[in-house]
Amino acid sequence: VQYSLIVRKSEQISSGLEVIHFQLDHALEAAHSSADPQFKPDDELHIFSLGAARTEQLGTIIGRLKEQSSFRQLPGIVTVGGNVRFPGTYPMTANMTLKDLVDAAYDLNSDTDLNYVTIVHRSFDSATNRYIAQFESFNLIRHPAQTIPLAPLDHVHFFKVNESREAYLSGMLDTLKNQVHGNQLAPQVAISGSVKLPGTYPLEKGMTVSRLIAIAGGISESAY
């Protein structure tokens, strides 16, 4: 009931779609209020079962959103993977935040690591005339999910507590290395020794020693 959608013919894009997210329980509790959306001609209402994956029901919508994209206009979709109930690709909605995506995926699993949540953005690089990946991570204890905006084609990943990050991050590190020009160094940093999750991590703007240690699961007991 936290995730229902209205699919609407876009007034800005010819033959395009606009996807509107609302909370069904709020609409029913506050009928005829701003929480209870009004329909426009040819709208489609999509209501999802609580315990069922949304992939099949969303498939047609995702396909239509991809079809209306172009080289300079990314498709209005976002993807979430890792330790959520229903990982997959979801429609982008207006002013979408990370919390909206978590609601779409029917919440996080109880053993999710809130200290290290990664988001990969895509941005157009006019110098190379291509899209490049931009990586950032968040501590959801300090930065609530509702304060983190999303953009088209974002990819979000949640880890389990003390789960190795190596398998997922290796591909990201390769992508970041391939974007480096000339004599630039790869944007990565390594940590070894008495931490729970040693390894190589993407270097983020303003990253400090304490942040890297936290990302690596903290100091291991053998360090004391």
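Trainee: Where does Ser10 lie?
Mentor: This is a predicted model, in which local features need pLDDT of at least 70, side-chain atom pairs count only at pLDDT 80 or more, and totals for chains, interfaces and linings use all residues. Residues are numbered from 1 along each chain as its sequence is written, and side-chain values use heavy atoms, with hydrogens and water left out. Helices (H or I, at least four residues) and strands (E, at least two) are DSSP runs, numbered from the N terminus. On that basis, Ser10 lies in the loop between β1 and β2 (17-22).

Trainee: Is Ser10 buried or exposed?
Mentor: A residue is buried under 20% relative accessible area, exposed over 50%, and partly exposed in between (1.4 Å probe, protein chains only). The relative accessibility of Ser10 is 15%, so Ser10 counts as buried.

Trainee: Which residues does Ser10 touch, not counting residues up to four places away in sequence?
Mentor: Contact means heavy atoms within 4.5 Å. With residues up to four places away in sequence set aside, Ser10 touches Gly16, Leu17 and Glu18.

Trainee: How many salt bridges are there?
Mentor: A salt bridge is a side-chain nitrogen of Lys or Arg within 4 Å of a carboxyl oxygen of Asp or Glu. By this rule the count comes to five.

Trainee: How many residues apart are Asp42 and Lys9?
Mentor: Asp42 and Lys9 form a salt bridge, with their closest N and O atoms 2.4 Å apart. This pair links distant parts of the chain, for Asp42 is in the loop between α1 (24-29) and β3 (44-47), whereas Lys9 is in strand β1 (residues 4-9). Asp42 is exposed at 52% relative accessibility, while Lys9 is partly exposed at 41%.

Trainee: Which elements hold Glu44 and Arg64?
Mentor: Glu44 and Arg64 meet through their side chains in a salt bridge (3.4 Å, N to O). The pair ties together parts that are 20 residues apart in sequence, because Glu44 and Arg64 lie respectively in strand β3 and helix α2 (residues 55-67).

Trainee: Are Asp113 and Arg165 buried or exposed?
Mentor: The side chains of Asp113 and Arg165 form a salt bridge (2.8 Å, N to O). Asp113 is in strand β6 (residues 112-125) and Arg165 in the loop between β8 (155-160) and α4 (166-178), so parts 52 residues apart in sequence are tied together. As to accessibility, both Asp113 and Arg165 are buried.

Trainee: At which residue does α2 bend?
Mentor: The expected span of a helix is 1.5 Å times one less than its number of residues. For the 13 residues of α2 this gives 18 Å, which agrees with the 18 Å between its end C-alpha atoms. A bend is the angle between axes fitted to the seven residues ending at a residue and the seven starting there. In α2 the bend is about 25°, at Ile61.

Trainee: Which elements do the buried residues of α2 pack against?
Mentor: The buried residues of α2 are Leu58, Ile61, Ile62 and Leu65. These buried residues pack against β1, β2, β3, β4 (77-82) and β5 (88-91).

Trainee: How far apart in space are Ser33 and Thr112?
Mentor: Ser33 is in the loop between α1 and β3 and is partly exposed, at 28% relative accessibility. In sequence, Ser33 and Thr112 are 79 residues apart. From C-alpha to C-alpha, the distance between Ser33 and Thr112 is 35 Å.
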